[in-house]
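Take a moment with the sequence and the model before reading on. The paragraphs below go from the sheet to the cores and then to the charged pairs.

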Amino acid sequence: MQHLPLPESGAAPVTVMTIAGSDSGGAAGLQSDLRTFALAGVHGTSAVTAVTVQNSLGVTGFHPVPPETVAGQIRAVVEDIGVRAVKTGMLATAEIIDAIADTTEQLGIGGDGAVPLLVDPVSASQHGDPLLTPEAMDTLLRRLFPRATVVTPNLDEVRLITGIEVVDGASQREAARALHALGPRWALVKGGHLRSAATSTDVLFDGTDFLEFEEQRLPTRHDHGAGDTLGAATVCALAHGYRVPQAIAFGKQWVTRSIAAAYPVGAGHGPVNASWRLRESP
């Protein structure tokens with residue numbers, strides 16, 4: 001795969017931000033995002049939305065950060081360091097989402113602003129544990145989807161948002177249309193959870209055209225953090241000026257390599273592993 005340019009020693013890399021929850025198990029959430037940011041050669045910043053209690057077996061609780069603190073983190077970074085692209089992950093509550101929507105609008109992130117915004121509508125963990133309060137989904141769709149440059153739900157999130165059960169390529173395209181109608185510029189329907197398919201194919205839609213991104217399906221249960229990793233790699237490419245289709249292609253290749261390098265940790269699902277990047281030349 002083609003790698004992103006690395007900065008010269010001592011030179012400042014481009015800066016990106018993740019607005020997400022903390023995973024105490026280290027496999028997903030902002031820990032996963034920051035790992036990919038560093039290995040892709042960008043400077044990662046973060047706004048923590050919630051602290052989760054989780055490991056490889058599941059999530060047993062989470063504590064939301066006050067909305068004004070989430071907004072303050074975003075503003076502090078943008079007004080001093082600046083960011084070239086932003087992604088969201090676990091947002092926890094409607095109040096936090098409202099604070100993020102207000103702050104990103106004021107700072108020119110997403111919408112018609114100059115800074116791309118990737119929205120990963122995280123609603124539950126890989127094990128089905130809730131990561132978003134029930135009333136928060138409506139706020140997410142109303143406030144952040146219209147600001148999103150691209151949204152990247154998995155199939156469980158697609159079903160929750162659109163009511164469409166994705167079982168094949170045709171229903172995947174139907175779901176992409178329904179997601180795009182909610183306001184984002186681009187809608188990506190990831191196919192990683194479509195286990196019946198021989199390959200893992202993601203479908204991207206801009207309101208007119210469909211694009212498909214196909215990679216080999218890898219037989220492993222160690223895929224914790226795959227969605228976060230794809231989104232984080234995509235944001236790195238957007239920060240370097242890639243158009244959305246090219247950024248998605250980069251993210252898809254990155255997460256496939258990370259799944260291939262995944263390892264077991266604990267008794268449940270192990271994390272995908274972006275450190276494969278350390279073994280390759282720029």
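In which sense do strand 8 and strand 9 pair, and over how many bridges? Strand 8 and strand 9 (residues 210-216) pair in the antiparallel sense, over seven bridges. The model is a predicted one: local features need pLDDT of at least 70, side-chain atom pairs count only at pLDDT 80 or more, and totals for chains, interfaces and linings use all residues. Residues are numbered from 1 along each chain as its sequence is written, and side-chain values use heavy atoms, with hydrogens and water left out.

Some terms come first. Strands (E, at least two residues) and helices (H or I, at least four) are DSSP runs, numbered from the N terminus. Two strands pair if DSSP finds at least two bridges between them.

Nine strands form an open sheet, in the order 3-2-1-4-5-6-7-8-9. The pairing is mixed. Strand 3 (58-64) and strand 9 stand at the edges. Each has a single partner strand, so one side of each is left without a neighbour in the sheet.

Follow the order toward strand 9. Strand 6 (residues 150-151) and strand 7 run parallel, joined by two bridges. Here V151 has A187 in strand 7 as its bridge partner. Strand 7 (residues 186-189) then meets strand 8, and these two run antiparallel with three bridges. V189 stands opposite V203 in strand 8. On the strand 9 side, D202 stands opposite F213. The hairpin of strand 8 and strand 9 has four residues between the strands. In that hairpin, G207 takes a positive phi near 100 degrees.

Is strand 8 mostly covered or mostly open? Strand 8 (residues 199-205) is mostly covered, with six of its seven residues buried. Buried means under 20% relative accessible area, exposed means over 50%, and partly exposed lies in between (1.4 Å probe, protein chains only).

Next, the nonpolar cores. A nonpolar core is a set of buried Ala, Val, Leu, Ile, Met, Phe, Trp, Tyr and Cys residues joined through side-chain atoms within 4.5 Å. In soluble globular proteins, nonpolar side chains tend to be buried together. The largest core here has 49 residues. Within this core, I19, I74, L140 and L144 touch the most other members. Take L144. Leaving aside neighbours within four places in sequence, L144 is in contact (heavy atoms within 4.5 Å) with L91, I97, I100, A101, L117, V119 and T139. Another core, of 33 residues, lies apart from the largest one. Its members include L4, V14, L238 and A261.

Charged pairs come last. A salt bridge is a side-chain nitrogen of Lys or Arg within 4 Å of a carboxyl oxygen of Asp or Glu. The whole structure holds ten salt bridges. One of them joins R75 and E79, at 3.2 Å from N to O. R75 and E79 are four residues apart in helix 2 (residues 67-80), so about one helical turn separates them. R75 is partly exposed, at 27% relative accessible area, while E79 counts as exposed at 56%.

Another salt bridge joins R143 and D102, at 2.7 Å from N to O. This pair links distant parts of the chain: R143 lies in helix 4 (residues 136-144) and D102 in helix 3 (residues 94-107), 41 residues apart. D102 is partly exposed, at 35%. D98, D102 and R143 are linked in a network of salt bridges.

Finally, return to strand 8. D202 forms a salt bridge with K252, the closest N and O atoms being 3.1 Å apart. K252 sits in helix 8 (residues 244-260), 50 residues from D202. D202 and K252 are both buried.
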